Amino acid sequence: MIEWLRLFGEQTLAATARLGRGHMFLLRVLLGLPGLLRRPGLVINQIYATGVLSLLIIAVSGLFVGMVLGLQGYNTLVSFGAEQSLGVLVALSLTRELGPVVSALLFSGRAGSALTAEIGLMKATEQLSGMEMMAVDPERRIVAPRLLGGMIALPLLAAIFTLVGVFGGYFVGTVLLGVDSGAFWSQMQAQVSFTEDVVNGVIKSLVFGFVVTWTAVFEGVDCTPTSEGVSRATTRTVVHSSLAVLGLDFILTALMFD
Amino acid sequence: MATDTGGRTNDCVVEIENLHFSRGTRQIFAGVNISIRRGEVAAIMGPSGTGKTTLLRLIGGQLRPDAGRIRIDGVDVHTLKRRALYQLRKRMGMLFQSGALFTHLNCFENVAFPLREHTRLSQALIRHLVLIKLEAVGLRGAHALYPAELSGGMARRVALARALALDPMVVMYDEPFSGQDPISMGILVRLIRLLNDALGLTSIVVSHDVAETAEIADRVHVISAGKVVESGSPQALRASSSEWVQQFLNALPDGPVPFHYPGPSLEEDLLGHRGAGAAL
């Protein structure tokens with residue numbers, strides 16, 4: 001019992017210390033963000049690495065998610081004779097939930113893990129130490145552009161995911177299942193609100209982009225500098241950021257759409 | 001046994017006074033005193049695990065000592081604010097054991113990195129400077145190669161060119177000779193001495209390669225069990241009466257550092273019921 005309590009205390013302390021380190025790290029990185037205004041090229045490179053290189057998986061997933069939504073939505077709506085509202089169902093599901101959430105989960109697996117592994121390996125091969133000794137702060141030179149790049153890339157990816165998804169739903173609904181194309185678009189136009197649905201979706205993906213990228217860069221910097229340490233950190237990035245995205249999604253949804 | 005280097009004058013670039021440092025419960029330094037004069041090649045030697053690399057990180061301000069002071073060119077490293085510490089680091093070069101080259105940049109860009117980060121020189125001037133530095137280490141022709149395409153010795157020479165890019169005052173070498181073939185080793189040994197004298201540097205070489213280090217060092221500081229056990233010129237050290245220093249310099253398998261790891265006697269282990277493997 002005592003041993004169990006001791007272990008519990010030890011793990012709680014370790015987790016709290018880690019949380020504290022993560023926040024202090026974030027503060028230092030945020031302080032480095034203004035310096036990036038002078039070197040936008042660093043951020044653009046990161047938007048390319050995390051955003052452009054994730055385009056394929058995001059677009060393909062968006063297409064399939066939209067197509068499945070079209071199929072499932074049609075099957076449910078048709079029993080009420082409401083298949084004309086398929087456009088609303090597809091668009092609302094994607095802008096409010098699936099766009100931000102699924103793209104954040106994919107982003108965590110594709111770009112987050114790559115960020116952790118890259119920074120972790122730089123640490124393991126003393127590149128970060130070397131940079132420090134060259135009087136270049138890795139938190140400003142390496143971490144800050146990646147954090148900002150990720151925060152910019154994910155909302156754009158989520159928008160692309162949603163757009164491709166809507167077309168996927170349209171293809172299945174109207175081309176394959178015969179829903180009227182005019183009704184599909186006009187109902188969507190009438191029912192989807194820009195301020196309520198689209199803006200809230202964008203806010204969600206901004207928050208997710210921040211959380212996933214922060215987790216990824218922190219895990220990279222904080223990892224044990226061995227191959228095993230880097231592999232564990234990469235796994236932790238995907239697990240922790242995915243859980244954080246799902247948890248935060250619930251909170252944000254409760255706040256936005258009550 | 002001398003525990004101090006003596007001769008501490010204003011002409012010392014690096015002064016380490018009463019340095020204490022521990023990691024967890026393990027004490028690594030317990031009162032180290034070393035002073036390194038301007039223009040000399042100082043070697044810090046000792047067996048693996050004595051904290052030689054840690055000492056370089058302490059000098060570079062990457063670690064904080066528990067007690068004691070490290071002054072570089074008269075400035076106490078650990079009282080500096082972040083900005084001042086980074087300014088000081090621009091005047092220090094460090095060659096890591098692994099080279100620590102950026103794997104996504106080629107040799108040219110690796111050497112250009114500190115120049116691009118800290119200066120506003122024109123592209124043409126940066127190109128000249130980088131090629132001059134690479135020429136100094138004999139690798140101008142390899143400027144387009146990536147670190148993965150270099151041998152270990154070449155990678156270290158590129159890292160050396162990068163460490164020299166900002167014309168530092170002090171260059172620190174972390175185990176520059178380990179794992180090198182005889183030719184690479186010979187090149188590095190000569191380069192360290194030559195560059196030190198030609199560029200007016202002060203060099204700190206951390207190593208356990210006795211012969212190579214003794215060949216180029218002006219003074220050698222031998223560290224063991226958290227203290228400097230002997231300091232002096234390589235010749236003076238060879239004449240040292242310390243059994244420990246003799247064992248280290250002459251690579252004797254047994255001596256004050258025992259060959260056998262402490263444990264019960266062989267008879268006890270072989271004939272007794274307790275000891276190694278008894279639980280199996």
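**Two sheets in chain B**

Mentor: Let's start at B:Asp73, which is found in the loop between strand 4 (67-72) and strand 5 (75-76) of chain B. Strands here are DSSP runs of E with at least two residues, helices are runs of H or I with at least four, and both are numbered from the N terminus. Keep in mind that this is a predicted model, where local features need pLDDT of at least 70 and side-chain atom pairs count only at pLDDT 80 or more, while totals for chains, interfaces and linings use all residues. As for labels, residues count from 1 along each chain as its sequence is written, while chains are lettered from A and ligands numbered from 1 in the order in which they are written.

B:Asp73 is partly exposed, with 15 other C-beta atoms within 10 Å. (On this scale, 20 or more other C-beta atoms within 10 Å of a residue's own make it buried, 12 or fewer make it exposed, and anything in between is partly exposed; the C-beta atoms are placed from the backbone.)

The strands on either side of B:Asp73 belong to an open, antiparallel sheet of four strands, in the order 2-1-4-5 of chain B. At its edges are strand 2 (26-37) and strand 5 of chain B, each pairing on one side only. Pairing, by the way, takes at least two DSSP bridges between two strands. Further in, strand 1 (residues 12-23) of chain B runs antiparallel to strand 4 of chain B, and five bridges join them. One place to look is B:Glu15, whose bridge partner in strand 4 of chain B is B:Arg71. Helix 1 (residues 52-59) of chain B packs on this sheet and touches strand 1, strand 2 and strand 4 of chain B, with its direction at about 120° to that of strand 1 of chain B. A contact means C-beta atoms, placed from the backbone, within 7 Å. Angles run from 0 to 180 degrees between N-to-C directions, with axes fitted to C-alpha atoms, for helices over the stretch in contact.

Now for the other sheet. It's open as well, with six strands in the order 6-7-8-3-9-10 of chain B and mixed pairing. Strand 6 (92-95) and strand 10 (227-232) of chain B are the edges; each has a single partner strand, so one side of each lacks a neighbour in the sheet. From one strand to the next, the twist averages 15°.

Let's walk across from strand 6. Strand 6 of chain B pairs in parallel with strand 7 (residues 170-174) of chain B over four bridges, and B:Met94 sits opposite B:Met172 in strand 7 of chain B. Helix 5 (residues 152-163) of chain B lies across these two strands, running at about 170° to strand 6 of chain B.

B:Glu175 counts as buried, with 21 C-beta neighbours inside 10 Å.

Next along the sheet, strand 7 of chain B pairs in parallel with strand 8 of chain B over five bridges. B:Met172 turns up again here, opposite B:Ile204 in strand 8 of chain B. Strand 8 (residues 202-207) of chain B is mostly covered, with six of its six residues buried. Side chains in a regular strand alternate between the two faces of the sheet. In strand 8 of chain B, both faces are covered: B:Thr202, B:Ile204 and B:Val206 are buried on one side, and B:Ser203, B:Val205 and B:Ser207 on the other.

Strand 3 of chain B runs parallel to strand 8 of chain B, joined by five bridges; B:Ala43 has B:Val205 as its bridge partner. Strand 3 (residues 41-45) of chain B also pairs in parallel with strand 9 of chain B, over four bridges, with B:Met45 opposite B:Val222. Strand 9 (residues 219-224) of chain B is mostly covered too, five of its six residues being buried.

Finally, strand 9 and strand 10 of chain B run antiparallel, with five bridges between them, and B:Ile223 stands opposite B:Val228. These two strands make a hairpin with two residues between them, and B:Ala225 in the turn has a positive phi of about 50°.
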